[in-house]
Amino acid sequence: MVVSTKRLLAGRQISSAALTAIQGSTVATLTFVLAVAQFGISGLVVRATLQFWGAVAFLALFCTLAAFYIQNAAVRKSTPTRVGFLMGTEPFFGFVLAHLLLNEPLTVPSLIGAGLVLAGTFAGIWFESRTSK
């Protein structure tokens, strides 16, 4: 997807915000159509608390739209390979935030996994920089 975005943006004057708006509305429209086709319009009714809808809004705005905007902006200034490597660090940041915010325990397997994610990312960036010279 990052490579496709880079190719799409090459030589075009579309802003990262506009591209993110197009991506977000396309996904929302297709999801709505598929949900209605599968469950009917009544299947879209969800009775939930304000806290639930606040969590949904937070996830949609910050974890989805903001992340796509940042990715689209980063692709303009970097290579798709580098952006892909950096996006691969999501599990590491999830691990760190789960520990800091939710008091998840630091176990040996999770620390090894975090180290492997970071090592793989830095190795990939290092190899890319050596081959692109």
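Modeller: The questions below take up several of these terms in turn, and the model under discussion is a predicted one.

Biologist: Which residues are in contact with Asn 72, once its neighbours within four places in sequence are left aside?

Modeller: With those neighbours set aside, Asn 72 is in contact with Thr 5, Leu 9, Ser 16, Leu 19, Thr 20 and Gln 23. The term contact requires heavy atoms within 4.5 Å. Thr 5 belongs to helix α1 (residues 2-9), and its relative accessibility of 5% makes Thr 5 buried.

Biologist: What makes Phe 58 partly exposed?

Modeller: The category lies between the 20% and 50% limits. Phe 58 has a relative accessibility of 46%, so it counts as partly exposed. Phe 58 is found in helix α3 (residues 50-77), and it contributes to a nonpolar surface patch of about 490 Å² together with Leu 59, Leu 61, Phe 62 and Leu 65.

Biologist: Why is the pair Arg 82 and Glu 128 called a salt bridge?

Modeller: The criterion is a side-chain nitrogen of Lys or Arg within 4 Å of a carboxyl oxygen of Asp or Glu. The N to O distance between Arg 82 and Glu 128 is 3.4 Å, so the pair qualifies. A search of the whole structure finds 1 salt bridge.

Biologist: Where do the two partners stand in terms of burial?

Modeller: Arg 82 has a relative accessible area of 28% and is partly exposed. Glu 128 has a relative accessible area of 14% and is buried.

Biologist: How do you know that the buried residues of α5 are on the same side of the helix?

Modeller: The buried residues of α5 are Phe 92, Phe 95 and Ala 98. They cover an arc of only 130° around the axis, which puts them on the same side of α5. In general, an α-helix has 3.6 residues a turn, so residues three or four places apart point the same way. The buried residues of α5 pack against α6 (108-131), whereas the face turned away from the buried side carries the exposed residues Glu 90, Leu 100 and Leu 101.

Terms used. Residues are numbered from 1 along each chain as its sequence is written. This is a predicted model: local features need pLDDT of at least 70, side-chain atom pairs count only at pLDDT 80 or more; totals for chains, interfaces and linings use all residues. Side-chain values use heavy atoms; hydrogens and water are left out. Buried means under 20% relative accessible area, exposed over 50%, partly exposed in between (1.4 Å probe, protein chains only). Helices (H or I, at least four residues) and strands (E, at least two) are DSSP runs, numbered from the N terminus. The arc is that of the directions from the helix axis to the C-beta atoms. Patches are made of residues with over 30% relative accessible area and no salt bridge: like charges are joined within 9 Å, nonpolar side chains (Val, Leu, Ile, Met, Phe, Trp, Tyr) within 5 Å. Accessible areas come from the Shrake-Rupley method with a 1.4 Å probe; for residues, only the protein chains shown count as cover.
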